[in-house]
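Subject: Structure handover

Hello,

The sequence and structure are below, followed by notes on what was found.

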Amino acid sequence: MAAADGGLMHTLCGKPAALVNALKGRDVVSPSLGQIRQAGALAARLHVAAANAPLRQPNLRGPAWREQAAAVVAPYLQGEQAQLLQEELTHQRQTLASADAQQVPQGPVHADMFRDNVLFDGEALSGVIDFYFAGVDHWVFDLAVTLNDWCVDLGHGQLRPEAAQALCEGYAESRAQAGQPVMAAEWRLLPAMRRLAALRFWLSRLADWHLPRAASLLTPKDPAHLERVLQDCRQQPWHPAL
């Protein structure tokens with residue numbers, strides 16, 4: 001293996017390659033409240049650290065993609081599912097056009113910080129992986145993505161308020177420590193952004209389920225879980241007690 005420029009990137013068998021040290025730890029299926037709080041703090045640190053990054057790429061699974069993906073999967077939905085999709089697309093447009101959405105901070109976000117993308121060495125957070133979908137979006141949207149995975153019951157998709165509170169406290173404290181406290185408008189937007197985040201992952205799972213891609217490492221996940229999360233977001237809007 002030869003380095004192209006003496007740096008990180010190399011070539012291996014004629015293809016780009018990089019060798020890096022493996023991070024300690026592993027993902028946690030059932031995180032403790034302390035670990036969830038650390039995940040919230042991590043999200044805030046990532047937002048602040050990347051705020052002035054010179055490279056800018058839009059969220060590849062942002063509103064334009066969601067509209068396009070909805071048109072692709074719509075023929076496979078009927079009845080209540082079809083109605084749900086159309087209602088959420090309307091809700092997305094209204095949310096993004098709102099005064100709150102226009103004023104809250106945006107910047108590079110992870111956009112996929114599910115619990116299987118964060119590593120813990122015991123109780124200590126040791127790393128985050130899989131930045132494949134990273135791009136510029138509202139910070140509160142990224143928080144909503146994280147909340148919808150870390151703070152819901154995997155069996156029925158309902159929010160666990162104590163877990164959501166821990167995540168938001170960790171996020172808020174880290175933002176405050178960095179001198180960029182969370183705006184009131186961000187907290188007001190959080191319930192709506194949770195719906196946008198649930199819609200994003202429901203759509204991607206619907207597409208993978210009904211239109212599977214030729215990828216040896218891709219196993220389509222049942223979209224039913226994210227549909228339950230989306231329904232819970234609609235039925236039980238939640239705000240942190242901060």
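Is F120 buried or exposed? F120 is buried, because its relative accessible area is 3%, where buried means under 20% and exposed over 50%, with partly exposed in between (1.4 Å probe, protein chains only). This is a predicted model, in which local features need pLDDT of at least 70 and side-chain atom pairs count only at pLDDT 80 or more, while totals for chains, interfaces and linings use all residues. Residues are numbered from 1 along each chain as its sequence is written, and side-chain values use heavy atoms, leaving out hydrogens and water.

F120 pairs with W150: the ring centres are 6.2 Å apart and the planes lie at 65°, so the pair is edge-to-face (centres within 6.5 Å; planes under 30 degrees apart are stacked, over 60 edge-to-face, the rest tilted). F120 sits in strand 5 and W150 in helix 5, 30 residues apart (DSSP runs numbered from the N terminus: helices are H or I, at least four residues; strands are E, at least two). W150 is also buried, at 0% relative accessibility.

The structure holds three aromatic pairs. Another of them, Y132 with F133, is edge-to-face, at 5.0 Å between centres and 90° between planes. Y132 is exposed at 64%, whereas F133 is buried at 18%.

The largest nonpolar core has 61 residues (buried Ala, Val, Leu, Ile, Met, Phe, Trp, Tyr and Cys joined through side-chain atoms within 4.5 Å). Helix 7 gives the largest share of this core, 14 residues.

Regards

Methods:
Phe/Tyr/Trp six-rings, centres within 6.5 Å; stacked < 30°, edge-to-face > 60°.
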